[in-house]
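Subject: Structure handover

Hi,

Here is the structure I promised to pass on to you. Please have a look at it first, and then read my notes below.

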Amino acid sequence: MMRDRSLPSYCVISPGSVLDFTAGILGKGPVMGPMVRPDQPGFHVFDRLRRPEDLVLEYTTTTMPPKKAFFPPTETVFRFSAGDPPNLTPVRGDPPWVLLGVHPCDLSAIDALDRAYSFPPPDRRWRHNRDRSIIVGVDCMPDEYCFCDSLGVSQARRPCDLFLTEIERGYLVETHTRAGGELLGEARTSNALGQDFLEAEHRRRQKALGIQARLSADPGRLADFLEAEPFQEIWEDIAARCYSCGSCNTTCPACFCFTMDDVFHWDLQSGERRRAWDSCQLLDFAAVAGGHRFREDRWQRVRHRWHRKFLHLYRRFGRPFCTGCGRCSRACTADINILDETNRIIAAATKGRGHA
Amino acid sequence: MKKEKPRIAFFDFACCEGCQLTVLQLEEKLLDLLDHVEVAAWRVAISGGSDAYDIAFCEGSISNREDEERLHRIRETAGTVVSLGTCASIGCHNALKNQWTGGEVLELVYGGEAGRFETLPARPVASVVPVDYQILGCPASLPEIEIVLKRILTGQPHPLPNNPVCVECKRNDNLCVLEKGVMCLGPVTRCGCDAICTSYGDACQGCRGLVDEPNLEAAVRVLTENHRHAIMDAVARGLRVDRERIRTWFSLYNGPDLQLEQEKTGHGP
Amino acid sequence: MPETGKRAGVPADWTYLPEPARIVSIRREAVDAVIELELADRSALGHKPGQFVQVSMFGFGEIPISICSSPTRTGRFKLCVRPAGHVSNALYRASEGDWVGIRGPFGRGFPIRTMRNRDVLAVAGGIGLAPLRSLIQYVRDNREAYGRLVVVYGARNPSLILFRTDVEAWTRGEDVEMFLTVDEADESWTGRTGVVTGPLKEIDLSTRSTVAAVVGPPVMFRFVAAELLAKGMNRRRIFFSLERRFECGIGKCGHCQLNGMYVCQDGPVFRYSDLEGFSEAVEARAPER
């Protein structure tokens, strides 16, 4: 695609206009955004917005990431029915036309999945859904689990179309794509002034200061460390505490493994193939038909998680498949903290080398 | 092609018959089921019944000699035997009595009349006769009942689901209930229930049995040390939070499984 | 790179949607069935020896099966199915005329170009003969382009010998040097007994010009590699075809990952010298403690 030299462009939208804007786009198609689930007060989920006032733009990290807009936790891939030959009907994805309120870390995760799923041969289901959605990002305030800054994604914009930063008069809006600009045509906006930029910059600085947790090496060095050393004791120590419940994967915005299975409908002739999120931490993840389980030992699965995020996919796609969002650490009931454990690995690797 | 419909029958042993009632909750899907099967015997659904059947659903644990004999007769008659629910598949609450001798149990329950009865340790159906299909859950989980029925009718096996409940719970976009101050056995419990309890904010009580190779040491550590909210909440409600209580909790449904795990690994909660 | 849905008749934007294929014939042996398939549009599968397809039994699921026929034969293709799970069981019980779904072919097959003008050594254990049969047929059908063709095949017992007619033909054939062995003999067995490394020791290989293709259970690979290296073979000319769990076939679902590689795309055939560096290649190294 040709780069539009007029982008990014900037304007300001007031809180009231955000509400009108949301109401406007809600009338045109399904919109997903962060909202409170009534039975989980204080916590937010990405879900279909029914009313504009349900949108919450100031929220802490959701339990589950917004990748579900394009890759649902469970979905039907195709339907089949008896015939000569059998009838196979693909089932298209049902993405929102606008995905609202995505934090930089989650934008970066969507970028990660864009790369992984577009790598040839591509997963066209993902592309199909992505091509039909406009993404509106929003800046955030970190909590104690966030370490996005040391992975270089705290200011990520790709692949959003619009991006909002909270300022005194509402939000400073960055328009990053032509599609974003067209969507913004729906909204009442005003010109961005010098003061607005200063406030946005101030907020970004506040955010950076708020991110206390840091990886103690850059991703490139971390990959080298993981490649060079076995760290067996560390994996075994983590494994002793790990249940292998898979929650670190199922809450991860950059994980993308899945499994498929078939169900018959009640006529026992027709049915559907479904696909669901899977996790490499589960005992049977790599089991083959004969019954052999690759990575049968828990520590091997733990190592695999770190290797995949910070070594294998880093080498293949040029970026770690972790965004520092901290969801896995929050979700881990056994308190296995991805940042602490990674820093332990880094410390073990750099011990005695005088550059920890 | 018109095939004879297989005849199904339901039998209950030591249990509450709740699993049979759950099958009735298939409601309009029962009509679909009846397209494919004939009902030979189903005490909670129809009166009368016949002794000729192909697929036998057995719920409840086997806890006396009479049960044993009846189960053997069922096995001889039915081509397919299904253990329906946790009592029949693992032992469930019934197996709690196995920690005492039969004499002690009879004395406790019947007092002076104890001599009139006889009892055996409660066992799952599969410990007495070979079982072709197992459906877990207390009560048996409705989505799994449907899946297993279809698998039986299409000649497919149904391996026990071996992911923990957390996998289904997360797919349902739930906040971890531990985060909300509720103790939960989900991380070591077999899924297949679509995480119904935790999706409604309740604890998983482990009614579907332990996953293969559960990390029970980790589970105990989490439930007695790690999980601040849930532990504080439990303590505030006057509950003891220690290894003993966790063990008791696990035993509620998983007595026999725990024993197996203990024998295999040398430790349990 | 192989891609799903590339052939005519399949809408290009549907990843994971199989093409219907009809079972033309099915031949059941002691524990396996050889199934001959034809795509609904009668097009050729367009595979290479050593590749696999994802086979759907609708309502049961989808499993990977390596193709056991050579692309040099007819437009139809053959799969060898050993019932091990519910999908393979259903496939084993299927009848002629039944429909299945096919995605693929997937993966990198055997290095037929590297093998050109060289001697080919095929070492098979158990059902590992299935993908190698495709290679053996291919080499025989292009006989002048290859040197010696040596086949070593080990079955657990005489009743488990796969492709019996082929094995007999290869034994008789002048263009193949066939070594058949069984782990456990029965009364009727007059042939060789023992594991595949036995015949390997005897064979006089011109190690400089030989390329080896090895397929079998994980434990077999290491012993075969040790034997071949002892004979002086170059570790870059030894190729293993690995088994992992394949669900998508296109390097997305994650199940087949082996260190940084997706076995479904980067394999299943790998150079031994490449595998040596991978901690998760249990076939090329002693298991971790």
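Let me start with a strand pair: strand 4 (residues 74-81) and strand 12 (residues 271-277) of chain A run antiparallel and are joined by 6 bridges. Strands here are DSSP runs (E, at least two residues), helices are DSSP runs too (H or I, at least four residues), and both are numbered from the N terminus. Two strands count as paired if DSSP finds at least two bridges between them. Within this pair, A:Phe80 stands opposite A:Gly271 of strand 12 of chain A.

Before you go further, two notes on the model. It is a predicted one, where local features need pLDDT of at least 70 and side-chain atom pairs count only at pLDDT 80 or more, while totals for chains, interfaces and linings use all residues. Residues are numbered from 1 along each chain as its sequence is written, and chains are lettered from A and ligands numbered from 1 in the order in which they are written.

Back to the strands: the pair belongs to an open sheet of 4 strands in chain A, with the order 5-4-12-11 and antiparallel pairing. Its edges are strand 5 (87-90) and strand 11 (258-264) of chain A, each of which pairs on one side only.

Chain A is divided into domain 1 (9-210) and domain 2 (219-350); these bounds come from an automatic or database domain assignment. The C-alpha centres of the two domains of chain A lie 25 Å apart. Their contact takes 32 residues from domain 1 and 29 residues from domain 2 of chain A, where residues are in contact if their C-beta atoms, placed from the backbone, lie within 7 Å. On the domain 1 side, strand 4 and helix 2 (104-118) of chain A are the elements that give two or more residues. Helix 2 of chain A provides the largest share, 9 residues.

One residue to look at is A:Val102, in strand 6 (residues 98-102) of chain A. Is A:Val102 buried or exposed? A:Val102 is buried because 30 other C-beta atoms lie within 10 Å (the cut-offs are 20 or more for buried, 12 or fewer for exposed, and partly exposed in between, with C-beta atoms placed from the backbone). Leaving aside residues up to four places away in sequence, A:Val102 touches A:Pro66, A:Leu107, A:Ile135, A:Gly137, A:Val138 and A:Cys160.

Finally, the chains: 34 residues of chain C are in contact with 36 residues of chain A. Strand 4 (residues 61-66) of chain C gives the largest share of the chain C side, 3 residues.

Best wishes

Definitions and conventions:
Contact = placed C-beta atoms within 7 Å.
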